[in-house]
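The sequence and structure are shown first.

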Amino acid sequence: EGFFSMGKHFWSIRFWHISVRIYTFLIPFFLVIPGEHLRICPQEYTCCTSEMEDKLSQQSKLEFENLVEETSHFVRTTFVSRHKKFDEFFRELLENAERSLNDMFVRTYGMLYMQNSEVFQDLFTELKRYYTGGNVNLEEMLNDFWARLLERMFQLINPQYHFSEDYLECVSKYTDQLKPFGDVPRKLKVQVTRAFIAARTFVQGLTVGREVANRVSKVSPTPGCIRALMKMLYCPYCRGLPTVKPCNNYCLNVMKGCLANQADLDTEWNLFIDAMLLVAERLEGPFNIESVMDPIDVKISEAIMNMQENSMQVSAKVLFNVTEIFDLFSLSLSLNQVTDIKEKLKLSKKFWSTLPYTICKDERVTAGASVEEDCWNGHTKARYLPEIMNDGLTNQINNPEVDVDITRPDTFIRQQIMALRVMTNKLKNAYNGNDVNFQDTSDETSGSGSGSGCTDDICPTEFDFITTEAPPVDSDRREVEASATQPGCSLHTLLVIFLTLVLQRRWR
């Protein structure tokens with residue numbers, strides 16, 4: 001129903017347009033009257049009544065709104081379609097990486113993995129939540145993942161002992177110092193945070209560009225603009241010159257006056273596009289999300305093997321399986337989408353300042369730049385003499401065609417400028433690898449990134465003394481080896497206990 005009503009609206013406008021052209025073409029043969037009653041067109045002999053002038057003014061407004069929306073169609077669809085493609089690509093990349101890790105670990109670790117799979121599922125859940133705009137600190141989340149994995153592994157490689165939850169939590173506090181997984185967590189943290197920050201900010205930028213383009217393309221012409229549009233588009237009809245189109249330079253002054261606030265958007269828009277292109281380069285290069293997510297299962301498995309090696313429990317079978325899967329596993333996705341987006345973004349630079357020129361090039365609107373004499377100049381069929389105004393609101397103070405109040409900038413356009421400015425600041429931070437959601441994005445000079453959790457001068461280096469629960473005693477068996485009462489949970493103590501457990505396993 002909406003489609004048909006929209007279609008009827010469109011055809012009613014076109015029918016009215018055609019009717020006006022036919023009527024104003026024929027009426028000079030029947031009626032020519034003095035034009036003292038006209039408020040917009042030259043008050044000379046005319047074929048238009050006051051009522052016709054009012055209706056043609058409204059028609060001018062509709063045609064102008066349609067022209068702007070039609071001309072901005074390219075830039076709007078660029079952001080809509082590229083946002084959809086990139087979002088689909090990224091989500092599929094995450095799903096494939098999670099599926100690959102699950103398949104690989106089921107084959108490699110079997111039941112041990114399935115009993116602890118929620119640790120890995122939670123990792124991907126948090127990564128997806130971060131990408132979709134959730135309040136997730138990537139560094140803290142990754143630290144928690146490795147800490148949880150250490151707790152599980154610590155229990156698995158020491159099954160003869162029973163550790164309380166408090167003690168395991170204490171062990172996990174020293175993940176960075178113990179380095180049970182080698183250097184994999186540090187490297188992966190750097191890669192994942194930079195890649196995800198860039199990807200999420202990039203897709204947010206596509207969203208902002210889409211919203212700004214959609215909003216700004218729906219213009220509401222001022223009364224002064226409507227008068228100028230009527231004078232340019234339909235006063236030739238009232239003068240009996242229906243075949244004479246407006247002069248190109250005349251059209252430019254009218255459009256620059258009507259679109260003065262939109263032109264002021266251009267500076268911030270160009271900075272926004274430049275920042276988008278910089279982040280796109282990051283996504284193609286060092287922050288390439290595909291190169292991070294593609295082998296993430298292999299990297300995590302490598303970390304687990306590092307822990308096994310530290311515990312003197314290297315498994316040749318596991319090593320073989322990991323190598324085999326690494327050779328076979330590859331994603332069919334690529335970042336060609338980013339290259340395509342870059343090319344389209346480049347084409348949208350300076351769009352708002354060139355909008356008047358784009359509209360006035362339309363042969364449906366003007367006589368063309370090459371026709372300087374046989375065109376409508378606002379008064380008659382002759383050359384248009386006034387100079388062309390520069391772009392922007394302040395430059396319209398002497399616009400000969402449109403009355404523009406340069407002291408009252410369009411509040412709506414200023415809101416869009418601010419939205420672009422904030423997004424540009426986020427993109428610049430993302431380009432430098434800084435997480436934009438954990439800083440004051442309203443501070444344009446801010447370059448600080450997200451926090452990395454506790455710092456050495458804030459977090460304690462020792463923890464309260466914790467004892468494990470007593471092991472059960474079976475009357476038909478000897479008492480299960482009890483875990484001794486552990487001293488204070490400091491890093492030195494943890495290292496001693498960890499080495500003792502390893503040596504015990506080695507000599508059993």
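## Terms and basis

Contact means heavy atoms within 4.5 Å. Helices (H or I, at least four residues) and strands (E, at least two) are DSSP runs, numbered from the N terminus. This is a predicted model, in which local features need pLDDT of at least 70 and side-chain atom pairs count only at pLDDT 80 or more, while totals for chains, interfaces and linings use all residues. Residues are numbered from 1 along each chain as its sequence is written, and side-chain values use heavy atoms, with hydrogens and water left out.

## Overall architecture

The protein chain contains 21 helices and 2 strands. Of its 508 residues, 48% count as buried, where buried means under 20% relative accessible area, exposed over 50%, and partly exposed in between (1.4 Å probe, protein chains only). Among the contacts with a separation of 6 or more, 77% are accounted for by residues 24 or more positions apart.

The accessible surface of the protein chain is about 26,100 Å², and carbon and sulfur atoms contribute 53% of that area. Accessible areas come from the Shrake-Rupley method with a 1.4 Å probe; for residues, only the protein chains shown count as cover.

## The nonpolar core

A nonpolar core is a set of buried Ala, Val, Leu, Ile, Met, Phe, Trp, Tyr and Cys residues joined through side-chain atoms within 4.5 Å. The largest such core has 110 residues, of which Phe86, Phe120, Trp269 and Ile300 touch the most other members. Helix α9 (residues 184-216) supplies the largest share of this core, 13 residues.

With neighbours within four places in sequence left aside, phenylalanine 86 is in contact with Tyr131, Ala199, Phe202, Val203, Leu206, Leu283, Val338 and Ile341.

Helix α10 (residues 223-233) is largely enclosed by the rest of the structure, because 9 of its 11 residues are buried. These are Gly224, Cys225, Ile226, Ala228, Leu229, Met230, Lys231, Met232 and Leu233. They pack against α2 (50-71), α11 (235-238) and α12 (248-258).

Proline 236 lies in helix α11 and counts as buried at 1% relative accessibility. Not counting residues up to four places away in sequence, proline 236 touches Lys231, Leu241, Pro242, Val244 and Trp376. Proline 236 and glycine 378 are 142 residues apart in sequence, yet their C-alpha atoms are 8.1 Å apart in space.

## Helix α20

The end C-alpha atoms of helix α20 (residues 411-431) are 30 Å apart, which agrees with the 30 Å that its 21 residues should span at 1.5 Å a residue. The expected span of a helix is 1.5 Å times one less than its number of residues.

Threonine 424 is one of the residues in helix α20 and is buried, with a relative accessible area of 3%. Apart from neighbours within four places in sequence, threonine 424 is in contact with Glu268, Leu271, Phe272 and Ala275.

## Salt bridges

The whole structure holds 23 salt bridges, each being a side-chain nitrogen of Lys or Arg within 4 Å of a carboxyl oxygen of Asp or Glu. One of them joins aspartate 87 and arginine 91 (3.0 Å, N to O). These two are 4 residues apart in helix α3, and so are separated by about one helical turn. Aspartate 87 is buried at 17% relative accessibility, whereas arginine 91 is partly exposed at 39%.

A salt bridge also links the side chains of arginine 414 and aspartate 264 (3.2 Å, N to O). Because arginine 414 lies in helix α20 and aspartate 264 in helix α13, the pair ties together parts that are 150 residues apart in sequence. Arginine 414 is partly exposed at 29% relative accessibility, and aspartate 264 is partly exposed at 26%.

## A nonpolar surface patch

Val106, Met111 and Met114 make a nonpolar surface patch of about 260 Å². Patches are made of residues with over 30% relative accessible area and no salt bridge: like charges are joined within 9 Å, nonpolar side chains (Val, Leu, Ile, Met, Phe, Trp, Tyr) within 5 Å. Valine 106 lies in helix α3 (residues 73-109) and is partly exposed, with a relative accessible area of 33%.
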